[in-house]
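Me: I'd like to go through the ligand sites of this model with you. Could you start with the terms?
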Amino acid sequence: MKVHEYQARELLAEAGVPVPKSYVATTVDQAAAAFDKIGGKAVVKAQVFAGGRGKAGFVKLCDTAEQVRQAATFMLSNRMVSPQTGSEGVEVKKLLVADAVDIESEYYVAVVMDRAKNTAVVMVSQEGGVEIEIVAKEKPGAIIKRWLHPHLGLMSFQCAQLVAGLGFTDKEQAKAAAKVIRGLVNVFHKYDCALAEINPLVRTKSGEILAIDAKMNFDDNAVFRHKRLQEMFDPSGENPMELRAKEHNLSYIPLDGNIGCLVNGAGLAMSTMDLIKLHGGEPANFLDVGGSVTAEEATEAFRIVLSDPKVKGILVNIFGGIAKCDTIAEALIAAAREIGFDVPVVVRLEGTNVERAHELLKEAAIPQLITATDLTDAANKVCAQVA
Ligand code: GDP
Ligand code: MN
């Protein structure tokens, strides 16, 4: 799960990280009113789940209420296109109007889960503001990393090393930077983040240290224990098919190929995809209906898989244990009659009540349903269908 910049700023402010004063606006009038409250220069920023806003023209510095109106009108009536959005861009519904700062230098500070080391890593760089991926590629030495001990967390000497890495020599500024790093680490742990990033952290001309942009991703499996995050949830940041699947107790993983996979169990999904690849095919997704799927859930699963335009064929691979094969067969037939299959569906069923399932499928005589004797046969057939 992701949150917007304005929400990430709230969490940072609560953790003691200084952020400039700001207001959320959903209309041009509200944006202009926010400018009046701030008094002085302001920056208008689109609140969308994509970065690269500055270069796309969706972060604008304004000196007058009229400029704020122009910037707000532009952002609320144009889709933002950046390297992170795809060519169709994203709609802007909310703006942040923030007190603008005079920047002396920009820094990068982030905490991210390092899966290879099984712990979180704090990364800082004096090359902030720009895309950190480019810095990582071209000047990896410009990023300083310190890994957190899973129980001890951020230790004082590590924090001091990170502050030194940012190049702060002034005692007050170094203290302020240390407070920012500690605050960010606290937010990361408190809310089960996968990523908590400030880019840029700035030093202003008057020597203040402030976070002026923040990005946070949270572990979806931990959101249940954070009421605060649940309140911040905005579905426009998520894959709509994944959300739909979740609502029906299904898990959906989008991929790049053209064969939809409907399976029960993650292990079976892995072997199904291996077999598809072995036979020259590419999975478009996999939808795991879980162990105890009902007919309604299975029908919804078909709707989700079929709604992906990339899907040119479907492989259904179900091992009937708790979920009985005849239930799955009934769901298949119901789905075929209710939604209609416009692509071939290869079915491999094995396990409890499999004979009954095959009888049902035969009686129904749905032309798009192709039965397979085993997984190799199924993979062969579905790959031939989409070739
Ligand atoms: P992003 O492009 O989506 O990452 O949006 P940011 O919020 O990071 O803004 C992009 C850039 O705009 C920053 O790196 C700054 O250079 C500039 N910027 C943002 N806010 C201010 C501000 O208050 N004052 C000044 N002078 N520049 C700003
Ligand atoms: Mn940024």
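Reply: Helices (H or I, at least four residues) and strands (E, at least two) are DSSP runs, numbered from the N terminus. This is a predicted model, in which local features need pLDDT of at least 70 and side-chain atom pairs count only at pLDDT 80 or more, while totals for chains, interfaces and linings use all residues. Residues are numbered from 1 along each chain as its sequence is written, chains are lettered from A and ligands numbered from 1 in the order in which they are written, and side-chain values use heavy atoms, with hydrogens and water left out.
Me: OK, which elements each supply at least two residues of the shell around ligand 1?
Reply: They are β2 (42-46), α3 (53-56), β3 (59-62), β5 (103-114) and β8 (193-204).
Me: And why does ligand 1 lie between the domains?
Reply: Domain 1 (1-20 + 102-237) and domain 2 (21-100) both give residues to its shell, so ligand 1 lies between them; the domain bounds come from an automatic or database domain assignment.
Me: Which side chains have an N or O atom at 2.8 Å or 2.7 Å from an oxygen of ligand 1?
Reply: An oxygen atom of ligand 1 is 2.8 Å from such an atom of Arg53, and for Glu106 the distance is 2.7 Å.
Me: Switching to the metal, what coordinates the manganese ion?
Reply: The manganese ion (ligand 2) is coordinated by Asn199 (O) and Asp213 (OD), at 2.2 to 2.3 Å, where donors are N, O and S atoms within 2.8 Å of the metal (3.2 Å for Na, K and Ca) and sites may look incomplete, since water is not among the atoms. Asn199 lies in strand β8 and Asp213 in the loop between β9 (209-211) and β10 (214-218), so the pair ties together parts that are 14 residues apart in sequence.

Notes
A polar contact is a pair of N or O atoms within 3.5 Å; within protein, one must be able to donate a hydrogen and the other to accept it, and residues adjacent in sequence count only if both atoms are side-chain atoms.
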